[in-house]
Structures are given as structure tokens and as C-alpha cells.
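Subject: Handover of a structure for your review

Dear colleague,

Please find the structure below, followed by an account of what was found in it. I would be grateful if you would read the two side by side.

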Amino acid sequence: METKTELEKGHQIPNDDVSIDNSIPSEILSNDLEECVKDEQEDSKTGTTDDGTSCMVSFQRTRRKFKTSSLFRRKIMYTICLFFCKFIHGWGKGLFGPSYIDIRMISGTDLDQGAWILTSNLIGFALGSILQGVLYGRANNKLTFGMAICVYCVATAFVPWCKMFETMVFAHAVIGLMQGILASGTATDIIRLWGKESRVVFLGSQLMMAFGSAVSPLVVTPFLIELPQEIVNISSSTPLYTIDNNFTDELSSPSVSQSKESQIYIPFSITAVLSLLSGIFFFVMYAKYDRKQINRLMSNSDDSESQRKVPKNVKLFILSMFGSILFIFNGVDEVFTGFLATYCVQFFHWSKKEGALLTFVFFVLIFISRIFGIAIEKWMNTVIFTVVNFVLLCLSVLGMLLISLYKFDTLAWFFAPLFGFVKSCLFPLTFSWTNDYITPVTGRISSFYYTTMMLGGALNPVLLGHLMEHERLIWFCYVLLIESCLILFFLAILVAATRYVVRRFGRACNKTTDKQSEHLQENRSDAV
């Protein structure tokens, strides 16, 4: 049991949200310490510790904190807002794929021009991540997120009415810009809000994003244009450019334009309404808790150094390794996810229904994996779990190459879902690895991670699409295997660097005084 003196020494915490007066009346500090000791005494009576608790005791502690701590209630409500924002982000991602043909039809573009719609979205996302890195700590996050979601709402509602190609590209660039702001900012807020408990909360936010991605295609499907039967029945051996030319000519004919009309404005309007609700939630949180602090800027916590004094060059080197891994990994992920059905239809001569079913199983395994990650989070070692998942990811790509070479396509039903299962938790695990072992995740770090990811996701499909169309389809497996091996190379360097940092300077995540820091933050906020 820690004494009051020890607790007082451990009560030096950074200000995360606003720059406030650090001076606290002695009676508030005394009450805070007494409440901390009381909580620990209650935990001692139940025979539990923070490191290992039963589900029932954890639930009882959470319920007690929710009833007695206004700060904890505020954290829960804000986390719900962040989760709903993640759900909207996933919903938007899942909406684009099924509606892509209709979007091209509305703007009158072929495949080459239509590719710029996706590219503009990815470029906007990267720029949004950079912008969020600049804004984070200099503006109120709730206001930033609320305004970003409102702009996202308007741009999304505008998409079905963009008859000109230029306006369609602009709308998707704006959507990507807002998604970049929201994705990197909400991820940083979750990690800084929950501290050492952020891993399970971050996995939960990714689960909400996966849920949104799975639901939105079901909503948009009934409103899509029906493809002409002669286009649907094209042989799988037909070259990709021939399919696209036939499809473009068919949609351009007056008879098709008159008899078939897209109704994607309905699901896009639903998306806009949901986005507006999410923005209202952030504005309500701001009006209720932050309105009096509008003129206060965030403290420079993004630049705050850990007490461990890790050399800056070491920290930059490790962050560059993380960036390299995320750059390659997201490129592999975007290509595998986007080209999987096309590869199976073209190379294995599957039907389009089989390719769509494999894609569905792929996404189901992603959803299951994120539930599994949350369930085992308490017993999960971040570094070991990340390394195992990356190795399995490389093996799944190797398996796809072998079954392609030996024409044993039945095993694609094993290796493709395996890829989805192991890759789903890797992105949140990199955040957890950084926050636990290297340095606290800040707005700039989150922005850097998201920017490198989007650059990899934008460049890799262009490279692989060119090789698959003009060379051989099996380059799909060759390139992904080479890139997966590069990830393992950078990962080995990262593991060695992490061991050096932990042995020399200790871990970044302080597992003590979390409960006391929470009470102290609450009293500071009430004293402002």
C-alpha cells in the first residue's frame, strides 16, 4: 500500500486537454489522496489488483467509478462519441466499393478516369492526417471533430449529384481530407484518454469501424444500378481493359441511361444524417464541458518528453521503422482487399459470385479477429502478438502464391480468410507498441502513421494494377510476398531497437498512479 507521501510524489502528470493552473488547494489534494487510498483498500478487500482481476470485480469497479467519478463519466461519454465517429468512418469506407460503378456512371468516367476518384480520396486522407497533426494541441478537439464531420456530411450528400468528373473528384478529396482529420485525431484521443487501458479501447474502436464497413454495403446494395446481363456474363478470360470498354459503352448508350437510374442518393443521404448526428454529439460535449475554455490552447504535450530521456535520434529511428512498416503493410492490405475477388475470377476462373463470397468471408474473419483481440487483450503481449501476426500474414501470402503455381485454388478459402484474420489487429497493435514501449502517442505521431499508411495505400494499387494488366496476373502474389518479407525485415530491426530502449530506459507506459492521476485531473478540472 502506497503512503500519502509516495502518492504525492507520483502526482506529477501532464495536462492533456487544456493549459490550466497547476496549483491545487491542499484540501483538494488531501481529499484526492484519501479517495485513492479508499479505492485501493476496497480493492484489497476483494483480493484483487490492477494487474489481474475477474470480470465481475472489473465490472463492479467500473460501475463504482461511473457512479462516483464525474471525470470517468465524462470519459465514457466522450469515448462513445469517438466510437460512433469510428463507426461512421467504417460506414463510409464500406459505402464506396459497392457504389463505385454507380459513381462512375453518374460522372460519366471510364476506368482510367475513375481511378482518380479513389486516388483523390487517399491523397485527401493523407493531407487530412498532416493537417490534424498541426491542429492537435492547438485547437479544441471536440470542435475540430464536430466541424470536420459537418463538412464530411455535406460532401457525402453532394456525391450522388456530381454530374461532372471534376466535381466528383473534388467531393471525394474533401471526404478524404475530413476522414484523415477524424481518423488520426480520434485515435490519438483514445490513447491519451485511457492511458494503459487504451489497447482494449482502441481495439474496440477498430471493431466499431469494422462493423460499419460490414453494414453499409448491405444498406447500399438495394439502390445500386443493375448491370446489363451481357456485361455480367463476360468470360473471365476477357482482358480487363476490354471489359471496361464494353461496360463504359453500354452505360453510355441512351437506352441504358433511360431505363436504368441509380438511387444511391438514398444511402448517401442516410450516411449524411448519421454523420450529422455524430457531429452534434461532439458539439454537445464541447458546449457542456469545454465552452468556458474556448480561448485556452492545448499544452505542448505533443512535444513533451518522457521522464525516461530517450535520445531523440533513437526515438526518430524507431518511429521511422514503424512508418516504413505501416507504409508497406497498408499497401499490401489495400491491394489484397481490393484485388482479391478480381484475382480469383481472372486467375482461377471462378464465378463472380464465388469471388464475392470469398470477399464476404474475408471481412467476416476481420470482424471475428477484432472481437478475439478484445477478448484476449488482458493476456496479450503486444510485441509477441504483433510479430506472430506479421509472420502469419507472410505465410498466408506465400500460401496464395503456392496454390496459384500448383493450381490448387480450393485452399484460397483458407489462406485469404487467414490474411484477413491476422491483419485486422495489426494497425492498433502498432499504436499500442509505440505507446507502451517507445513514447506516448501524440497528435504528430498519429498523423505521421496515418500519412505513411495512406501513401502506401495510394501507390501500391497503381504499381500492382499495371503489372497485373500488362504482365501476368500472378504478379499479384509475387509483389505481395516481396513486400511481406520486407515487413519482416523492418520488424526484426524494430524488435531489436525496442529491446534496447526497454533495457536502457524502461517502458514508456507508467503502470502506476493511474487511479490517483485520474482523481487529480478531475479536481484540477473542477478547480478551473
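A crossing of two helices is called left-handed if the near helix is turned anticlockwise from the far one by less than a right angle, and right-handed if clockwise. Helices (H or I, at least four residues) and strands (E, at least two) are DSSP runs, numbered from the N terminus. The crossing of α15 and α19 is left-handed by this convention.

This is a predicted model, in which local features need pLDDT of at least 70 and side-chain atom pairs count only at pLDDT 80 or more, while totals for chains, interfaces and linings use all residues. Residues are numbered from 1 along each chain as its sequence is written, and side-chain values use heavy atoms, with hydrogens and water left out.

Helix packing

The axes of α15 and helix α19 (residues 475-505) approach within 9 Å and cross at roughly 160 degrees. Axes here are lines fitted to C-alpha atoms, for helices over the stretch in contact, and angles run from 0 to 180 degrees between N-to-C directions. The angle makes α15 roughly antiparallel to α19 (under 35 degrees counts as roughly parallel, over 145 as roughly antiparallel, 65 to 115 as roughly perpendicular and the rest as oblique).

A second pair is formed by helix α13 (residues 312-347) and helix α18 (residues 443-470), whose axes come within 7 Å and cross at roughly 40 degrees. That angle makes α13 oblique to α18, and the crossing of α13 and α18 is right-handed. The contact of α13 with α18 comprises 18 nonpolar, 8 polar and 1 charged residues (Ala, Val, Leu, Ile, Met, Phe, Trp, Tyr, Cys and Pro count as nonpolar, Asp, Glu, Lys and Arg as charged, and the others, Gly among them, as polar).

Most residues other than glycine have a negative phi. His349 lies in the loop between α13 and α14 (352-375) and is exposed, with a relative accessible area of 52%. Lys407 is placed in the loop between α15 (382-405) and α16 (412-423); Lys407 is also exposed, at 56%. Buried means under 20% relative accessible area, exposed over 50%, and partly exposed in between (1.4 Å probe, protein chains only).

What of α16 itself? Of its 12 residues, 9 are buried, among them Phe415, Leu418, Phe419 and Val422.

How many disulfides does the structure hold? There are 0, a disulfide being a pair of cysteine sulfur atoms within 2.5 Å. For Cys85, the nearest cysteine sulfur is that of Cys81, 9.3 Å away; Cys85 is buried, with a relative accessible area of 4%. For Cys485, the nearest is that of Cys394, at 4.1 Å, and Cys485 is partly exposed, at 40%.

Lastly, Gly92 is found in helix α4 (residues 70-107) and counts as buried at 13% relative accessibility. Gly92 and Thr271 are 179 residues apart in sequence, yet their C-alpha atoms are 7.4 Å apart in space.

With kind regards
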